[in-house]
Amino acid sequence: MNPFYITTPIYYVNDKPHIGHAYTTIACDIISRFNKLLNNDVYFLSGTDEHGQKVEKAAIEKNYSSQDFVDLMSENFRKIVPYLNCEINDFIRTTESRHKKASQALWMKLNDNNQIYLSNYEGWYSVRDEAFYSENELIKKEDDKFVAPSGASVEWVKEESYFFKLSEWENKLLDYYQSYPDSIKPKSRYNEVISFIKSGLKDLSISRTTFKWGVQVPNNEKHVMYVWIDALCNYLTSIGYPNEKKPEFIRYWPGIHFVGKDILRFHAVYWPAFLMAANLDPPKTIFAHGWWTNEGQKISKSIGNVIDPYDIIERYGLDQIRFFLFREVPFGNDGDFSKEAIIRRINSDLSNNLGNLIQRVCSFIKKNNNSQVENSFNFLEADKILLNLSLKKFENYKSYMKNYEIDKAIKEIFELLSLANIYVDNQEPWKLKKTDTQRMNVVLSVCVEIIRRSTIMLYPIIPNSSKKIFSILNLNIKDINFDNYDKFTKNKISIKDPFPIFPRIEIND
Ligand code: ME8
């Protein structure tokens, strides 16, 4: 089994999880489930980023001690993972002692390798972004005040600070990315990173002295680590760092990081430089996805349009939302969350296409064939065309999924389902019932087979519904695997009473 290590960003606990956080976690779950079906040995990590000024400020505003606050808030992120039906292997918190130990060891390694020096930082800092900015990156507002490119406010900071010799890594990073052009996806993000590196890298401030909520810098009590050096290290902590000899570490590192485009620079510039400077391999892949807006507007607390994953899932259903998020927008692009788009997507694909095929085929079998279909292999040309197409679609689906093109992979499945619905229209089993029951049986068995195959492909995206479909077909859930894809698993299938899996949603629901 090949190892496959995938991570979400660890989320800041200054606030509750929203749909943006759910999006990245579900993306990783889809890709992890897909890899499990490929028989890969998957390790899927998520967790919370609990240090830094932003979190400390939020705790003060809510009148909590920092530790009590992060204990309380990180639970919200932990609890939502199973609610989203995401199967993680570890949930890491940066306030855990294993993580403090790992990030201090990483620091010491950088220090031993002569990558760190003490000096003074003077410049702009954004607490909301937890990022340092040079003046030419900032945007000047009408009132002559500067803001970060993200729109976050910035403040002038002057303090003693340790620096990481990032400038030394400019050429090494460029060489690395030239040799591994697929390590940043999609391509447009790769180009963005390359041009950022080419514009020149300055040494990076990696410690703070003006607050205390962070991992202490080894051998200097005055300093806590800059939150990003501590945060990025989580990907190593979970698999056993600093014990580089630990079997999990040897097996899983380097991993694949899924992140939003907002934090690409941290992952694709700073992180590989830290790793190489610590004699470790850079990540295998960094995939930066796009940004969701709500009905065309930026999602923000001040606008009051934050989408609560619990509300939206309660309203439309978990698999419906998992499906919408990854079918509607090419993974990597920005997307807009609109009620109308969700309803349109659920109705047209899940209800009218997939749901309709299951309902019409299974109800027909129940009413007209004593709830049973026997597999028969007397195929006519139309049957062979559809069955062969399902093999081709499977190949396309796998290659898209391997490239994280989830929307394209889903499209392949729904093209197959549309053609299966047309096949039913053309073959008219209701007429065959009167004229040729043997042929009717072949047609029904082909339909059931296409439903079964489509369900296997859909499983990573809509796992609960796929299990329901398998239960209607009276098939073993364990048979949802790729090895079985082209095999008719049973000679005789007894259909259970079908029930609507994806009820249509009315626009004013
Ligand atoms: O950045 N659309 O944490 P964070 C799409 N702690 N994705 C979104 C989104 C939106 N509107 N809003 C949030 C941090 N996300 C750091 C990460 S990793 C070592 C440290 C998702 O809580 C997206 O994945 O601000 C984005 O990168 C992440 O949440 C930011 O989460």
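Biologist: How do the residues lining the largest cavity divide into nonpolar, polar and charged?

Modeller: In this predicted model, the lining has eight nonpolar, three polar and no charged residues. Tyr-11, Pro-17, Ala-22, Phe-77, Ile-80, Val-81, Leu-84 and Phe-91 are among the lining residues, and residues of these types count as nonpolar. His-21, Thr-25 and Ser-46 also line the cavity. Helix H1 (19-37) and H3 each supply at least two lining residues.

Biologist: What makes a space like this a cavity, and how much space lies in the largest?

Modeller: A 1.4 Å probe fits in a cavity but cannot get out. About 60 Å³ of space lies in the largest one. The structure holds two cavities of 30 Å³ or more.

Biologist: Which residues line the second largest cavity?

Modeller: Gly-355, Ile-358, Gln-359, Phe-499, Pro-500, Ile-501 and Phe-502 do. The classes are five nonpolar, two polar and no charged. Gly counts as polar by definition. The space is about 40 Å³.

Biologist: Turning to rings, how many aromatic pairs does the structure hold?

Modeller: There are 46. One of them is Tyr-241 with Phe-249, at 6.0 Å centre to centre and 40° between the planes.

Biologist: Why is the pair of Tyr-241 and Phe-249 called tilted?

Modeller: Stacked needs planes under 30 degrees apart and edge-to-face needs over 60, so the rest are tilted. The Tyr-241 and Phe-249 planes stand at 40°.

Biologist: How do you know whether Tyr-241 is buried or exposed?

Modeller: Buried means under 20% relative accessible area. Tyr-241 has 4% relative accessibility, so Tyr-241 counts as buried. Phe-249 has 5%, so Phe-249 counts as buried.

Biologist: Why is the pair of Phe-324 and Phe-337 called edge-to-face?

Modeller: The planes stand at 75° and the centres lie 5.5 Å apart, so the pair is edge-to-face; the cut-off is over 60 degrees.

Biologist: What does the pair tie together?

Modeller: Phe-324 lies in helix H12 (residues 318-328) and Phe-337 in strand E17 (residues 335-337), so the pair ties together parts 13 residues apart in sequence. Both residues are buried. Both also belong to one aromatic cluster, which includes Trp-292 and Tyr-404.

Biologist: What makes Lys-187 count as sitting over the ring of Tyr-190?

Modeller: The charged end of Lys-187 sits over that ring, 4.1 Å from its centre. The distance limit is within 6 Å. Arg-453 sits over the ring of Tyr-485, with its charged end 5.6 Å from the centre.

Conventions:
Residues are numbered from 1 along each chain as its sequence is written. This is a predicted model: local features need pLDDT of at least 70, side-chain atom pairs count only at pLDDT 80 or more; totals for chains, interfaces and linings use all residues. Side-chain values use heavy atoms; hydrogens and water are left out. Rings of Phe, Tyr and Trp (its six-membered ring) pair if their centres lie within 6.5 Å; planes under 30 degrees apart count as stacked, over 60 as edge-to-face and the rest as tilted. Buried means under 20% relative accessible area, exposed over 50%, partly exposed in between (1.4 Å probe, protein chains only). Helices (H or I, at least four residues) and strands (E, at least two) are DSSP runs, numbered from the N terminus. A charge sits over a ring if NZ of Lys or CZ of Arg is within 6 Å of the ring centre and within 35 degrees of the ring normal. On a 1 Å grid over the protein atoms alone, a cavity is a set of points where a 1.4 Å probe fits but cannot get out, and a pocket is an open set with protein on both sides within 12 Å along at least five of seven lines; lining residues have an atom within 4 Å of a point. Grid points are joined across faces, edges and corners, and a volume is the space filled by probe spheres set on the points.
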